[in-house]
Amino acid sequence: MNDRELSCNAGGQFMDRGRMNQNGVVQPLLTDLYQITMAYAYWKSDKIDDQAVFDLFFRNNPFHGEFTIFAGLEECLKFLDSFHYSQSDIEYLKQTLPEGIENEFFEYLGNLTAREVTLYAIDEGTVAFPRVPIIKIEGPLIIVQILETTLLTLVNYASLMATNAARYRMVAGKHVNLLEFGLRRAQGPDGGLSASKYSYTGGFDGTSNVLAGKLFNIPVKGTHAHAYITSFSSIGELKTRLLKHKQTGVMEDLLEHAVRHRGMLSHVLDVSTEESSEGELAAMVSYAIAFPDGFMALVDTYDVKSRETEQLTQDLLSSTQNDIKSKKDGKSGSPSKPQSHTVNGQKQRQPITNGKSQSSANGHKTHNHKGHQNGTASQNGGSGGVGSCRSPVKDTIYDTNLSTTTKTAETTTTATATATTLTRTTSNGTAYLPKYVEKSFRSGLLNFSAVALALNDLGYHALGIRIDSGDLAYLSCLARETFEKVAERFKVPWFNKLTIVASNDINEDTILSLNEQGHKIDCFGIGTHLVTCQRQPALGCVYKLVEINGQPRIKLSQDVEKVTMPGNKNAYRLYSADGHALIDLLQKVSEPPPAVGQKVLCRHPFQESKRAYVIPSHVESLYKVYWKSGKICQQLPTLEQVREKVQISLKTLRNDHKRTLNPTPYKVSVSDNLYNFIHDLWLQNAPIGELS
């Protein structure tokens, strides 16, 4: 057993190779069988000394965008550094490959390394574009062919994940924290670790993945699950109630402080203590005792409805049914006359909406992102309330309708309009419900605020709350309003700055919708849609032979997109005077690089009429030699430095290239010399048809 195998067995999946953690799964056998069968055929054909050049590139940007973040380079270099077939690898191949393969070939494989390979690449974390090779490999044909599958698997997901994370960062903005919560949803343990690493590269601020934190030095964050809250059913279950005062060291009863504050808060927040869950309070006190300096609580475990809320629901249903009955009897009033309905014995005026939600009547734009329950698109398909916030009252109506009556289309429309008119609006358009409806969310907020104030009595500051269900825009606004009330009433200014974390199947469109609704969320915890890249599960990088023994090679196809650009090439990025990237230019390696201030003819590689002159204010050579003569040739950046590189590189793009809706395509061109070279070679290799 060799050193690599010993390291794998002793240290687990990741091996310690100095400053770099080597993933033990990434080894020469992590490849497709045809790479090894081709290697034998090359060997049998006496192509051992043939020299080849391969380009690794992608054909389209992911997620309907116009940029891609290149990631995974360090893992590729680690793979080259450790490339070697072990004795057990050779024995396995002898058993697996077809009979008749000569022993000399296995001896050749046993001595094969990446020492004679040269790898060129753009910097990891750089913005990349279709058709521009992100890695260029030169070396003996057999070894550079064998590298194909492993390099692709190391780059494809890494770049896709970093790009996905960068897009989330752009829509969330600079001042909102993003946490990756996707380990339990990822495609296996290695997928989970890669997702944590490359989401951080793309701009996320931390992960819930503890092993990723250890391996990659990523900040680890987390709260607690609903299970912790539901594990307590009453205050009597608290076995520990005492907490040491942070300054005096005196042990005090935290529960006693919390109960006292809850009584005072019930008047400030207009919530009866009978409407809150005692088990929830006990769980929060217990967690606060365990983490007094890091108290972050989940507040949506119990949706305790008050009697007034239930009465409101009944009144709304009664009003809706009466409206429908009046219409059927032909007794409906004039559409220009405001209608009224009764809530808790008092008449309420209903604005004219002509059967539409108030948001539509007022001209507010609403987005219905299918399948999202966090923004304007409700589970029942209706539009939201004022400012596009979906009203929790509407869900209550639907729940009751489904359990007691047949929900006709007419009932649905009227109930939605009725619920919408019960919303109220602040000066900035944020939707709120009357206080008698807000109580359905107040159990968690009441108990959290009570425990946070109790901690304050003992010299500690709570961190904040997490919301994991419901209308995130509305609930975050409600939570912030509550914290502001508490801060003012109890003279605790830090309460204004409590963090509001939101999770619950969040994706890019959800955040865009929440932004439009004026949410008050400070941090998003994102899992499934991030780590599985549900909008596009693969980047589609390819690895193509472009030169062998100094002779260019081209792959032809009826699909022009799949025609390769032959020959050994260099890549340059040309910048305008304002610092933005204008165009990427591919040239033959024999051509002189473009010069600053000199006119350059840039051509579309396949469309003759598309061409333009560019006078660059700055020229960046994209390729660096990262591996040569068996050694890494560049100082590898840390993960933090790659993360910074992503943001710096994105700033070089104009905003219209980065926007989420209909972004402007970034131009990739070839020099006039390379254009003519491609098309001459194309004509030489394309068969000539015959008509008869």
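Predicted model: local features only at pLDDT ≥ 70, side-chain atom pairs only at ≥ 80, totals over all residues.

Me: How much space lies in the largest cavity?

Reply: About 80 Å³. Residues are numbered from 1 along each chain as its sequence is written, and side-chain values use heavy atoms, with hydrogens and water left out.

Me: What makes a space a cavity and not a pocket?

Reply: The test runs on a 1 Å grid over the protein atoms alone: in a cavity a 1.4 Å probe fits but cannot get out, whereas a pocket is an open set of points with protein on both sides within 12 Å along at least five of seven lines. Grid points are joined across faces, edges and corners, and the volume is the space filled by probe spheres set on the points. By this rule there are 3 cavities of 30 Å³ or more.

Me: Which residues line the largest cavity?

Reply: A lining residue has an atom within 4 Å of a grid point. For the largest cavity these are Leu73, Glu74, Glu124, Lys197, Tyr626, Leu636, Pro637, Thr638, Leu639 and Val642. H3 and helix H22 (639-651) are the elements that each give two or more residues to this lining; helices here are DSSP runs of H or I with at least four residues, strands are runs of E with at least two, and both are numbered from the N terminus.

Me: How do the residues of the lining of the second largest cavity divide into nonpolar, polar and charged?

Reply: Ala, Val, Leu, Ile, Met, Phe, Trp, Tyr, Cys and Pro count as nonpolar, Asp, Glu, Lys and Arg as charged, and the others, Gly among them, as polar. On that basis the second largest cavity, with a volume of about 60 Å³, has 3 nonpolar, 4 polar and 2 charged lining residues. Among them are Phe63, His529 and Cys533.

Me: Why is cysteine 533 called buried?

Reply: Buried means under 20% relative accessible area, exposed means over 50%, and partly exposed is in between (1.4 Å probe, protein chains only). Cysteine 533 has 1%, so it counts as buried. This residue lies in the loop between helix H21 (528-531) and strand E20 (542-548), and its phi is positive, about 45°, although it is not a glycine.

Me: Why is histidine 64 called exposed?

Reply: Its relative accessible area is 65%, so histidine 64 passes the limit for exposed. Histidine 64 also has a positive phi, of about 60°, without being a glycine. Its place is the loop between strand E3 (51-57) and strand E4 (68-69).

Me: What makes helix H8 largely enclosed by the rest of the structure?

Reply: Of its 15 residues, 12 are buried, so H8 is largely enclosed. The buried ones include Leu193, Lys197 and Tyr200. H8 covers residues 188-202 and reaches 21 Å from its first C-alpha to its last, close to the expected 21 Å; the expected span is 1.5 Å times one less than the number of residues. Glycine 203 follows H8, with a positive phi near 130°.

Me: How many residues are in the largest nonpolar core?

Reply: There are 157, and those touching the most other members are Leu109, Leu119, Ile135, Phe295, Phe448, Phe495 and Phe524. Helix H7 (residues 148-172) gives this core its largest share, 13 residues. A nonpolar core is a set of buried Ala, Val, Leu, Ile, Met, Phe, Trp, Tyr and Cys residues joined through side-chain atoms within 4.5 Å. A second, separate core has 8 residues, including Tyr572 and Val619.

Me: What is isoleucine 135 in contact with?

Reply: Contact means heavy atoms within 4.5 Å. Neighbours within four places in sequence aside, the contacts of isoleucine 135 include Phe54, Leu73, Leu119 and Val155.

Me: What is the volume of the largest pocket?

Reply: About 790 Å³. This pocket is lined by 29 residues, and His604, Pro665, Tyr666, Lys667 and Val668 lie nearest its centre. By class the lining has 13 nonpolar, 7 polar and 9 charged residues. Strands E23 (581-588), E24 (600-603), E25 (611-614) and E29 (667-671) each supply at least two of the lining residues.
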